[in-house]
Amino acid sequence: MERFLEWLGDTPWSIALLESTLAWPLIESSHVLAVALFFGTVMMNDLRLLGWTMRRVPVSEVTGRLLPWTRIGFTIMVITGFLIFYSNPVRYYHNIFFRLKVVLFAVAGLNAFLFHRGIHRRVVEWERLPVLPGRARVAGAVSLAAWALIIVAGRLIAYNWFDCDIPGQPDWVNWAAGCPVAGD
Amino acid sequence: MGGRQFAPEAWLPFFERMENTALGTVVRESIWAFPIIEAVHLLGLGLLGGAVLLADLRLWGTGLTRQPIASVVRYAHPWLVAGVALMFLTGVPLFLSEAVKCYYNTSFWVKMISLPFALTFTFGARKWLVAAAPERADWRTRLIAFISLGLWFTVAAAGRWIGFSA
C-alpha cells in the first residue's frame with residue numbers, strides 16, 4: 001500500500017496538481033461547495049425522517065424528489081475528493097482525520113444500506129404517520145450525525161497536528177496514523 | 001488577487017481594533033478554536049445551502065413539485081434562518097481572529113458586498129414575490145430562483161476563496 005501510494009504521488013499529474021496555483025484551489029472549492037448540494041439535501045431528508053420538517057409531505061416524495069440532487073452533489077464530492085487525495089496520497093493516508101473520515105463513511109454507508117434494506121421497503125405504510133417508526137427516526141439521526149462528523153473530520157484533514165514526523169507523539173496517535181515504526 | 005488594498009485606508013483602524021478584541025485574540029491564539037469554528041461554519045453552509053436549494057429548486061420547477069410553491073418556501077424558512085444564524089455566529093469569531101488579513105483580502109470584500117444582497121433578496125424580495133407566486137413555476141419564479149442561487153453561490157465561493165488568496 002505504502003509503496004503504491006508513493007508511486008502514485010510521484011506521478012507527474014499528482015505533482016502538477018499539488019503544485020498548481022489554480023487547479024487545486026478550484027477543485028478544493030468545488031469539493032466544499034458541493035457540501036451545500038449533497039449534505040444540504042441529505043439533511044432535509046434526514047430532518048423529514050426525524051419528523052422535524054415537511055410532516056405533511058410523504059417521506060417517499062421528499063426522498064424521491066431530492067435524491068437526484070443528492071446524487072449530483074455526491075458525484076462532485078467523490079470526483080473532487082479523489083483528485084485531492086491523488087495530489088498527495090501518502091500524506092492523506094497517514095492523516096488521522098482522513099482515516100476517521102473513511103471509518104465514518106462506512107458508518108454512513110451501512111446506515112443507509114440497513115435503512116433501505118429494512119424499514120424503508122414498507123415506506124408507503126408508514127410515511128404519512130404523525131410519528132414515524134423508531135427505526136426510521138434512528139436512521140435519520142445516524143445519517144445526520146455521521147455526515148456532520150464527516151464534514152468536521154474532512155475540514156480537520158488540512159492540519160498537520162498529528163503528522164508522523166512530529167516527535168514524541170503518544171503511541172495511540174502513531175498507531176491510528178499508521179506511522180512507520182522507528183526500529184532503530 | 002491578494003495583498004491589494006480594496007477598502008478605504010480610513011477603515012483599517014477599525015479592522016485592527018476588531019482583531020484586538022478579546023474574542024479575536026482567543027481564537028487566534030488557540031490551536032483548535034479556528035479549525036473547529038470553521039468546521040461548524042461548514043455545517044452551517046450545508047444547512048443554509050439545503051434550505052436555499054429546497055425553495056429555489058421548487059421555484060425553478062423541480063424538486064418538490066407536488067407541493068405548492070408557497071408551502072415549500074415556508075417549510076424551508078426556519079432552516080434558512082437557522083443556517084444564517086449558525087453561519088453568522090461562527091463567521092464573526094473567524095473574522096475577528098484575522099480581521100486585518102480580511103481587510104487586505106479581495107475575496108472577503110466580494111463576500112461582504114454580495115452577502116447583504118443575498119440576504120435582502122432572500123428575506124425581502126423573494127419572500128414578497130413568492131407571496132404572489134403562481135401555482136406552477138414560470139419564467140418569473142425561475143428568475144427568482146436563478147438570482148437567489150447566483151447570489152448565494154457568489155457568497156459561498158468568495159467565502160471559500162478568502163483562505164486561498166493570502
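Colleague: Let's start with A:Cys164. Is that residue buried, exposed or partly exposed?

Modeller: A:Cys164 comes out as partly exposed, because its relative accessible area is 28%. Keep in mind that this is a predicted model.

Colleague: Which residue does A:Cys164 pair up with in a disulfide?

Modeller: Its partner is A:Cys179, with 2.1 Å from S to S. The A:Cys164–A:Cys179 link is left-handed, at -90° about the S-S bond. The two cysteines sit in distant parts of the chain, 15 residues apart: A:Cys164 is in the loop between α8 (134-156) and α9 (171-176) of chain A, and A:Cys179 is in the segment after α9.

Colleague: And A:Cys179, buried or exposed?

Modeller: Buried. A:Cys179 has a relative accessible area of 11%, and the cut-off for buried is under 20%, so it falls on that side.

Colleague: What about B:Cys102, then? Buried or exposed?

Modeller: B:Cys102 is buried, with 3% relative accessible area.

Colleague: What percentage of chain A's residues is buried?

Modeller: 47% of the 184 residues in chain A.

Colleague: Which residue in chain A has a positive phi although it is not a glycine?

Modeller: A:Met54 does, with phi at about 50°. A:Met54 belongs to the loop between α3 and α4 of chain A.

Colleague: Is A:Met54 buried or exposed?

Modeller: Buried, since its relative accessible area is 2%.

Colleague: Which residues line the largest cavity?

Modeller: A:His94, A:Asn95, A:Ile96 and A:Phe97 are on the list, along with A:Tyr159, A:Trp161, A:Phe162 and A:Asp163.

Colleague: And pockets? What volume does the second largest pocket have?

Modeller: About 530 Å³. There are 22 lining residues, and those closest to the pocket's centre are A:Val42, A:Leu67, A:Thr70, A:Ala112 and A:His116.

Colleague: Which elements give two or more residues to that lining?

Modeller: Four helices of chain A, namely α3 (23-50), α4 (59-87), α6 (96-117) and α8.

Colleague: Now chain B. Which residues make the nonpolar surface patch there?

Modeller: B:Trp60, B:Trp139, B:Leu143, B:Phe146 and B:Ile147 make that patch, and its area is about 570 Å².

Colleague: Which helix gives the largest share of the nonpolar patch?

Modeller: Helix α7 of chain B, residues 139-162, with four of the patch residues. B:Leu143 is in helix α7.

Colleague: Why does B:Leu143 count as partly exposed?

Modeller: Because its relative accessibility is 44%. Exposed would need over 50%, and buried would need under 20%.

Colleague: Great, that covers my list.

Definitions and conventions
Residues are numbered from 1 along each chain as its sequence is written. Chains are lettered from A and ligands numbered from 1 in the order in which they are written. This is a predicted model: local features need pLDDT of at least 70, side-chain atom pairs count only at pLDDT 80 or more; totals for chains, interfaces and linings use all residues. Side-chain values use heavy atoms; hydrogens and water are left out. Patches are made of residues with over 30% relative accessible area and no salt bridge: like charges are joined within 9 Å, nonpolar side chains (Val, Leu, Ile, Met, Phe, Trp, Tyr) within 5 Å. Accessible areas come from the Shrake-Rupley method with a 1.4 Å probe; for residues, only the protein chains shown count as cover. A salt bridge is a side-chain nitrogen of Lys or Arg within 4 Å of a carboxyl oxygen of Asp or Glu. Buried means under 20% relative accessible area, exposed over 50%, partly exposed in between (1.4 Å probe, protein chains only). A disulfide is a pair of cysteine sulfur atoms within 2.5 Å. On a 1 Å grid over the protein atoms alone, a cavity is a set of points where a 1.4 Å probe fits but cannot get out, and a pocket is an open set with protein on both sides within 12 Å along at least five of seven lines; lining residues have an atom within 4 Å of a point. Grid points are joined across faces, edges and corners, and a volume is the space filled by probe spheres set on the points.
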